[in-house]
Amino acid sequence: MTTGGLTRAELLALPAAIDLETAGRALGLKRSTTYALAKRDELPVRTLRLGRALRVVTAELLEVLGVAPEDEGGPRADVGASAGALEASVPAAA
């Protein structure tokens, strides 16, 4: 599955904050359009000015794109299933 110009895996591998061009690619926007929207404060995500550079918070971008991390810190289904299978394969003590 691709979203904009980046795959889901590429999106999830992004650092915490990214440059404006990468955010634009993820949103499927041309470079000039991305910068024009940022200048007018009309991008669907906040832009942060860090020195002379503009950055976008990756978590906000992922939320706008509807891309959620696979593991959000909760219990993993495959871990519980593995533990149950392990318990079932160990004979009960007499």
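## Starting from Thr-34

Where is the place of Thr-34? Thr-34 sits in helix 3, and this is a predicted model, so keep that in mind throughout. With a relative accessibility of 0%, Thr-34 counts as buried, because the cut-off for that label is under 20%. Setting aside residues up to four places away in sequence, Thr-34 touches Leu-20, Gly-24, Leu-29 and Leu-43.

Two of those names come back when you look at how helices meet. Leu-20 and Gly-24 belong to helix 2, and together with Glu-21 they meet Arg-31, Thr-34, Tyr-35 and Ala-38 of helix 3.

## The overall layout

Now zoom out to the protein chain, which has five helices and five strands. In sequence order the pattern reads β-β-α-β-α-α-β-β-α-α. There are 94 residues, and buried ones make up 20% of them.

## Helix 2 against helix 3

Helix 2 and helix 3 pack with their axes 9 Å apart, at an angle of about 110°. That makes helix 2 roughly perpendicular to helix 3, because the range for that word is 65 to 115 degrees.

Arg-31 forms a salt bridge with Glu-21, and the closest N and O atoms are 3.1 Å apart. The link joins distant parts of the chain, with Arg-31 in helix 3 (residues 31-39) and Glu-21 in helix 2 (residues 20-27), 10 residues apart. Arg-31 counts as exposed at 52% relative accessibility, while Glu-21 counts as partly exposed at 36%.

## The other salt bridges

How many salt bridges does the structure hold? It holds three. Side chains of opposite charge can pair when their charged atoms come close.

Besides the Arg-31 and Glu-21 pair, there's one between Glu-60 and Arg-46, with 2.4 Å from N to O. Glu-60 lies in helix 4 (residues 58-65) and Arg-46 in the loop between helix 3 and strand 4 (47-50), so this pair ties together parts that are 14 residues apart in sequence. Arg-40 and Glu-42 make another, with their side chains meeting at 3.2 Å, N to O. Both partners in that one are partly exposed: Arg-40 at 49% relative accessibility and Glu-42 with a relative accessible area of 47%.

## Helix 4 and its two sides

Which residues of helix 4 are buried? They are Thr-58, Leu-61 and Leu-62. They cover an arc of only 100° around the axis, so they end up on the same side of helix 4. Ala-59 and Glu-63 are exposed on the other side.

What covers the buried residues of helix 4 includes helix 1 (8-12), strand 3 (17-19), helix 2 and strand 5 (53-57). Leaving aside neighbours within four places in sequence, Thr-58 is in contact with Leu-11, Leu-14, Pro-15, Ala-16, Ala-17 and Ile-18. After helix 4 comes Gly-66, whose phi is positive, near 75°.

## A glycine in a loop

Is Gly-5 buried or partly exposed? Its relative accessible area is 48%, so Gly-5 is partly exposed.

Despite being 21 residues apart along the chain, Gly-5 and Ala-26 have C-alpha atoms separated by 5.1 Å. Ala-26 is also among the contacts of Gly-5, alongside Glu-10, Arg-25 and Gly-28, once neighbours within four places in sequence are left aside.

Notes
Residues numbered from 1 in each chain as written. Predicted model: local features only at pLDDT ≥ 70, side-chain atom pairs only at ≥ 80, totals over all residues. Heavy atoms only, no water. Salt bridge = Lys/Arg side-chain N within 4 Å of Asp/Glu carboxyl O. Helix = DSSP H or I, 4+ residues; strand = E, 2+ residues; numbered from the N terminus. Buried < 20%, exposed > 50% of the residue type's maximum accessible area, 1.4 Å probe, protein only. Contact = heavy atoms within 4.5 Å. Arc of directions from axis to C-beta. Axes fitted to C-alpha atoms, helices over the stretch in contact; angles between N-to-C directions. Parallel < 35°, antiparallel > 145°, perpendicular 65-115°, else oblique.
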